[in-house]
Amino acid sequence: QVQLVDSGGGLVQPGGSLRLSCVASGSFASINSMGWYRQAPGKERELVAVIIRDGITNYADSAKGRFAISKDNAENTVYLQMDNLKPEDTAVYYCNARIVMRGAFVGTTYWGKGTLVTVSS
């Protein structure tokens, strides 16, 4: 069984930084992509950033220039470095991964339980 454990959220002042982490554990063949989504109160879940197996990244416009996604393939871990945080970044951030199970040909999407980021003075 695959499990995604995301962490690193907290309360930070505007202009501050946080680093989110997400570890994928379990028995699987490979990870096609890992990324981060967020959901603010009263809003739909939206993509923040994603990194695919060969290292190509994609960011939401709101994250470009402020956030950086990276991964450690050996540890099945993805990070999201968030700098110059703004109050509008306040949301629950969810780790997302597309994982190929042993014997499968296509990936399955998994989600972490989420970590709360609050940007406030």
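Colleague: Is the disulfide of Cys22 and Cys95 left-handed or right-handed?

Modeller: The torsion about the S-S bond of Cys22 and Cys95 is about -80°, so the disulfide is left-handed. Bear in mind that this is a predicted model, in which local features need pLDDT of at least 70 and side-chain atom pairs count only at pLDDT 80 or more, while totals for chains, interfaces and linings use all residues. Residues are numbered from 1 along each chain as its sequence is written, and side-chain values use heavy atoms, with hydrogens and water left out.

Colleague: How far apart are the sulfur atoms of Cys22 and Cys95?

Modeller: The sulfur atoms are 2.0 Å apart. A disulfide here is a pair of cysteine sulfur atoms within 2.5 Å, and by that rule the count comes to one. The pair links distant parts of the chain, with Cys22 in strand β3 and Cys95 in strand β9, 73 residues apart. Strands are DSSP runs of E with at least two residues, and helices are runs of H or I with at least four, numbered from the N terminus.

Colleague: Are Cys22 and Cys95 buried or exposed?

Modeller: Cys22 and Cys95 are both buried. Buried means under 20% relative accessible area, exposed means over 50%, and partly exposed is in between, with a 1.4 Å probe and protein chains only.

Colleague: On to the core. Which residues have the most contacts inside the largest nonpolar core?

Modeller: Trp36, Leu80, Met82 and Tyr93 do, in a core of 28 residues. A nonpolar core is a set of buried Ala, Val, Leu, Ile, Met, Phe, Trp, Tyr and Cys residues joined through side-chain atoms within 4.5 Å. The elements that give two or more residues to this core are β3 (18–25), β4 (30–39), β5 (46–52), β7 (67–72), β8, β9 and β11 (115–119). The largest share, five residues, comes from β9.

Colleague: What is Tyr93 in contact with, leaving aside its neighbours within four places in sequence?

Modeller: Its partners include Trp36, Leu80 and Met82, along with Leu20, Val48, Phe67 and Val117. Contact means heavy atoms within 4.5 Å.

Colleague: How many bridges do β7 and β8 have?

Modeller: Six, in the antiparallel sense. Asp72 has Thr77 of β8 as its bridge partner, and Ser70 stands opposite Tyr79 in β8. The two strands form a hairpin with four residues between them.

Colleague: Which residue in that turn has a positive phi?

Modeller: Asn76, at about 50°. Most residues other than glycine have a negative phi. Asn76 is partly exposed, with a relative accessible area of 25%. Asn84 also has a phi near 50°; Asn84 is in the loop between β8 and β9 and is partly exposed at 42% relative accessible area.

Colleague: Last one. Where is Gly112, and what does it touch?

Modeller: Gly112 lies in the loop between β10 (108–111) and β11, and counts as buried at 9% relative accessibility. Not counting residues up to four places away in sequence, Gly112 touches Leu4, Asp6, Tyr94 and Cys95.

Definitions and conventions
Pairing = 2+ DSSP bridges.
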